[in-house]
Amino acid sequence: MRAAVIREHGGPGSIEIERDFPDPKPGPNDVVVRVRATTLNYHDIFTRRGMPGIAVPMPCIMGIDFAGDIVEIGRDVQAFKVGDRVMIDPADRVGPGGLIGEMWHGGLAEYCRVPTHHLVPLPADVSYDAAACLPVAYGTAVRMMHTIGEVKAGDKVLILGASGGVGTCCVQLARLRGADVIACASSESKLARLKELGATHLVDYTTQDFVKWVYATFGKPHRRRFEGGVDVVVNFTGGDTWVPSLKVLHRQGKILTCGATAGFDPREDLRYIWTFELRILGSNGWMRDDLSTLLELIRGGQLRPVVDRELPLEDVNEAFRLLEDREVFGKVLMRP
């Protein structure tokens, strides 16, 4: 089969297309999925580069988020049959942990062996493309915004990195809850598309200081009164945006975080945390119930996964570059 393969960690351009990679064979409780759609995540970039403390077996086929149909089943498989449409929940919840597309071969190939506990039945009215957006980016977003963050109607929610996969979902989820959405992105074109998704306010962080914008629009937070600032900041970038995020929250405001794409060890300022009684809420991935919630939102027409562009498997290095250089609005979809 054709597959996008790394045989050692590397930088941009280091993924190879192999046209004769061995076809997967199912174990007793596995199926083989014909991959119909795969989307990329920042985690795939981290896997390609290598991550401290995580020994990725080589060779590795990345691609965490994917969907397809079953073409072969193991001898003990009862709950699924050939032809079933499925979405893959990449998180291993019954074994040693890890992710498909990291510790086991993933969706950047024509076929993938998948243990049945990773399979989520895909309703006929949800496309492969939509399903391939869900587990990592959208599952993380719904857990962060709804399950843990409890964003509610009337909240003023400022979303940093709003134009990415997680961010575009956060904008839609906040809108669904009736929140006042402030979307931050790096270009007028991205901001225009975020407005279409339901953002109420738009901030170009390349030309505007979002702290000053919040102070001018909603007032400076007051440490004695519940006035000024915003209720929630969604910050999965970290780095230089961390302390400014603290500064825009009113008393008992919340920061929701699920990552640190711009740096995991930012400068901290504890004065804001204790003076304003701030709440820092972390969200680590998703659970199966979060995926069920997303499927129902899509089926009900309330949520629309955003795909920026579609590329063939042969263009995998270009797809990674687009994501790494932040030239993507929403998700990059690969068609193995």
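Author: One definition to start: buried means under 20% relative accessible area, exposed means over 50%, and partly exposed is in between. Also, this is a predicted model.

Reader: OK. Is D125 buried, exposed or partly exposed?
Author: D125 has 47% relative accessibility, so it counts as partly exposed.

Reader: What does D125 form a salt bridge with?
Author: Its partner is R299. The closest N and O atoms are 2.9 Å apart.

Reader: Where do D125 and R299 lie?
Author: D125 is in the loop between β7 (119-121) and α2, and R299 is in helix α9.

Reader: How many salt bridges does the structure hold?
Author: It holds 26. Take R2 with E110, where the closest N and O atoms are 3.8 Å apart. R2 sits in the segment before β1 (3-5). E110 sits in the loop between β5 (85-88) and β6 (111-115), 108 residues apart from R2.

Reader: Which of those two is buried?
Author: R2 is buried, with a relative accessible area of 18%. E110 is at 24%, so it counts as partly exposed.

Reader: Which residues join R2 and E110 in a network?
Author: R19 and E314. Salt bridges that share partners link these four residues, R2, R19, E110 and E314, into one network.

Reader: What about R7? What does its side chain meet?
Author: The side chain of E18, in a salt bridge of 2.8 Å from N to O. R7 is in the loop between β1 and β2 (16-18), while E18 is in strand β2. They are 11 residues apart. E18 counts as buried because its relative accessibility is 16%.

Reader: Switching topic. How many residues does the largest nonpolar core have?
Author: It has 54. Those with the most contacts inside it are Y138, M145, V171, L194 and V234. Several elements give two or more residues to this core, among them α3 (134-148), α4, α5 (188-197) and α9 (288-299).

Reader: Which element gives the most?
Author: α3, with 8 residues.

Reader: You listed L194. What is L194 in contact with?
Author: Beyond its neighbours within four places in sequence, L194 is in contact with residues including A162, V171, A183, L202 and F329. There is also a second, separate core of 26 residues. Among them are M1, V5, I45 and V328.

Reader: Back to α3. At what angle do the axes of α3 and α9 cross?
Author: They cross at roughly 95° and come within 9 Å. The two helices are therefore roughly perpendicular to each other.

Reader: Which residues meet there?
Author: On the α3 side they include L134, Y138 and V142. On the α9 side they include L291, L294 and I298. The residues of this contact divide into 8 nonpolar, 3 polar and 2 charged.

Reader: Last one. Where is Q172, and is it buried or exposed?
Author: Q172 is in helix α4 (residues 165-176). It counts as buried because its relative accessibility is 2%. Leaving aside its neighbours within four places in sequence, Q172 is in contact with Y138, L197, L303, R304 and V306.

Conventions: Residues numbered from 1 in each chain as written. Predicted model: local features only at pLDDT ≥ 70, side-chain atom pairs only at ≥ 80, totals over all residues. Heavy atoms only, no water. Helix = DSSP H or I, 4+ residues; strand = E, 2+ residues; numbered from the N terminus. Buried < 20%, exposed > 50% of the residue type's maximum accessible area, 1.4 Å probe, protein only. Contact = heavy atoms within 4.5 Å. Core = buried A, V, L, I, M, F, W, Y, C linked by side-chain atoms within 4.5 Å. Axes fitted to C-alpha atoms, helices over the stretch in contact; angles between N-to-C directions. Parallel < 35°, antiparallel > 145°, perpendicular 65-115°, else oblique. Nonpolar A, V, L, I, M, F, W, Y, C, P; charged D, E, K, R; others polar.
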